[in-house]
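Colleague: I'd like to go through the labels on this one and hear what backs each of them. Can you take me through it?

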Amino acid sequence: MTDPAQSSVPDRGGATSPPHNGQTISHRSSFADNMRHSPRSQRHPSFPQSAVQELLNHPPVAKTVDPRFASRDWRQIRVGELVNKEEVRWAQLDTGVEQATKLLIELGPPNVILLRETSDSTSACGTFDYSDLNAYLLVVVGLANPEGEQLETFDALAKKAREGAWIPVRDIQTLAKKGPLITLSESEDLSKAIEHFASGVHRILVCKHGTTEVVGILSQLKVVRFLWDNATSFPAIDALYPVILRDLGVGTRETISINGDRTLTDALQLMSNEGLTSVAVVDNALNVVGNISTADVKLLTNSSSLPLLKSSCIHFISVILSERGIGDGKDSFPVFHVTPFSTLAHTVAKLVATRSHRMWVVEVASPSPSATPLPTPSLTTPSMSSAILSSPAVSTPASPNLATTFPAVSAAALPGARISGRLTGVISLTDILNLFARQSGLNPLSPNDQRARRRRSSSSSVRPSIDSARNSSIDLRR
C-alpha cells in the first residue's frame, strides 16, 4: 500500500524535518500504520539447527583478500578507505522521535541516525540509536530511574508522549548513557581508530580531510570484519586466529546476566542503567539460553506489544526467535556463546555472522533444571498493529496497562539451551580489537579499566533498582 507519509523520509544522505502543512506524518497518527516495513521484515538472518552445528564445528574461513590491501601494513591503511558515504543517514534535532525511530528501523545497519542542526549541515551534533530508543521507551512507560533534578523533566516527557504531543529527538538526547562523539579525519591511519575501539569506543565518525563534513561511519564490527576478511594480508593478526581463547587470555569473567524468569522490563532497565547494548539470559543453573539487545527494542514500538514488557525474558526470546525464523519456515537458534576452548577464528566468525558485539563464554553444557514444552510463538506473541511511540487520537494520562500475563516457559525449552553451558565470562569486540592492537605494538587503554569507569559512572539514583535486582535473580558478577 502506498504511504503518502513516505514523502517525508529522506534518502540516505537527505534531511528530515518535522511534519508540517499536513504533508507528512501527523504526530497523532499510528506509528505502525505509517511504517512501510514492520520489524518482521527487518529480521536478522535465521539459523537452522544444521547450520548452527556446521558453524560450531567448522567456522567459515576468511574471504578472498581485497587486492587493495594485499601486502600493506593494516596500521597504515586510512580510515577513509573503509567507510561508505551511503551509510551516513541524517535527521535534524527537531525531527520527531517517531520519525527518527522509523528511519532507524527501516534503514538498518549501521543502526544509527546522525543528527544535525539544519537540513543543509554536514556536521553531526549527536546520534540516535537503539540505546536512545530503549531509554525513551522506559521514560514513556514510567520505568526510568531519574535523578532528583531529572524527575520533573522525565514526568513532563512521559506526559507529552501519552498526549500525542510532538517530541523532537533534541529532547531525549540526554536519556541514554553514551560517550562523547569521536571523529577522525579520513586521512588518519587505522591504527588511530583501533586505539579508540580497543579502549571501548563503539563508533567513530569519519570526516572529510580538513573539515567537519561526515563522510562515513566506522564501527568496531566493521573493523573486525575487515581484519577477518583480509586476515592473510596481516600476518601478526592472522597468527592469532588458530589460538584458543583460554591461551589468549582475552575477555573478562565479570559478566552481567539476568535470569530468564525475570521480566523484560528488568532486562531493559539493566541495559539502560549500566550502559550496555546486550545482556545474557540464563536459566536457574546459569546456562546461557539467549541474548537480549537494545536492537530488539524495535519489537516494542507498537502499543499492542506493550504487554511484552511484563512478560518473562524467556518469552521475549521466543518472540525474537519467531521474528527471525518463523516467517522463513526455519527454526532459529541463539548462537551467542563460545567456550574457553573455542579458537579466536571460531569466535570472530560467529561475531561477524550474527553481527553481535559480544559472545558469552560458557563451560561445557549442563542440564537445565526443567523441560516445560515451549508454546508456539505465533500463538503467544501479541499482534503489533498500533503504536507506542505515537499516541492514539484519544489519549489519557494514565499509565499503559501492563497487567497481561504470559504462559510460564522454561529456559530448558528454548532452542539451543542444550548446546550452551554455564556462563563464566564474556568476550567483546572491544576485547578482540584490544588484542589486535597490543599484538601490533599499539598501546590502547585496558578495556577492563573502561568497564570499571562505566560502572562507577552509573548514577546513584539507579542503584536501588540494581541492588534489588541482585536479590531477585539478576546476576551481576564483578
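Predicted model: local features only at pLDDT ≥ 70, side-chain atom pairs only at ≥ 80, totals over all residues.

Colleague: Fine. At what angle do helix H3 and helix H4 pack, and how far apart are their axes?

Modeller: H3 (residues 130-140) and H4 (residues 151-162) pack at about 85°, with the axes 8 Å apart.

Colleague: What makes H3 roughly perpendicular to H4?

Modeller: The label covers angles of 65 to 115 degrees. The angle here is about 85°, so H3 counts as roughly perpendicular to H4.

Colleague: Which residues make that contact?

Modeller: From H3 they are Tyr-136, Val-139 and Val-140, and from H4 they are Phe-154, Leu-157, Ala-158, Ala-161 and Arg-162. By class, that gives seven nonpolar, no polar and one charged residues.

Colleague: On to strand S8. Why is S8 described as largely enclosed by the rest of the structure?

Modeller: Buried means under 20% relative accessible area. Five of the five residues of S8 (residues 278-282) are buried, so the strand is largely enclosed.

Colleague: Which residues show that both faces of S8 are covered?

Modeller: In a regular strand the side chains alternate between the two faces of the sheet. Ser-278, Ala-280 and Val-282 are on one side, Val-279 and Val-281 on the other, and all are buried.

Colleague: How do you know that S7 and S8 pair?

Modeller: Pairing needs at least two bridges. Strand S7 (residues 256-259) and S8 have three, and they run parallel. Ile-258, for one, has Val-281 in S8 as its bridge partner. Between S7 and S8 the chain passes through helix H9 (residues 264-274), and this β-α-β crossover is right-handed.

Colleague: What about S8 and S9: parallel or antiparallel?

Modeller: Antiparallel, with five bridges between S8 and strand S9 (residues 288-293). Val-279 has Ile-292 in S9 as its bridge partner. The hairpin has five residues between the strands, and Leu-286 there takes a positive phi near 65°.

Colleague: What makes H9 mostly covered?

Modeller: The count: 11 of its 11 residues are buried. The buried residues include Asp-266, Gln-269 and Glu-274 as well as Leu-264 and Met-271. H9 is followed by Gly-275, whose phi is positive, near 70°.

Colleague: Why is Val-362 called buried?

Modeller: The cut-off is under 20%, and Val-362 has a relative accessible area of 1%, so buried it is. Val-362 lies in strand S11 (residues 358-362). Beyond its neighbours within four places in sequence, Val-362 is in contact with residues including Val-288, His-337, Pro-340 and Leu-423. Arg-422 is 60 residues away along the chain, but its C-alpha atom is separated from that of Val-362 by 5.0 Å.

Methods
Residues numbered from 1 in each chain as written. Heavy atoms only, no water. Buried < 20%, exposed > 50% of the residue type's maximum accessible area, 1.4 Å probe, protein only. Helix = DSSP H or I, 4+ residues; strand = E, 2+ residues; numbered from the N terminus. Right-handed = clockwise from strand over helix to strand, strands pointing away. Axes fitted to C-alpha atoms, helices over the stretch in contact; angles between N-to-C directions. Parallel < 35°, antiparallel > 145°, perpendicular 65-115°, else oblique. Contact = heavy atoms within 4.5 Å. Nonpolar A, V, L, I, M, F, W, Y, C, P; charged D, E, K, R; others polar.
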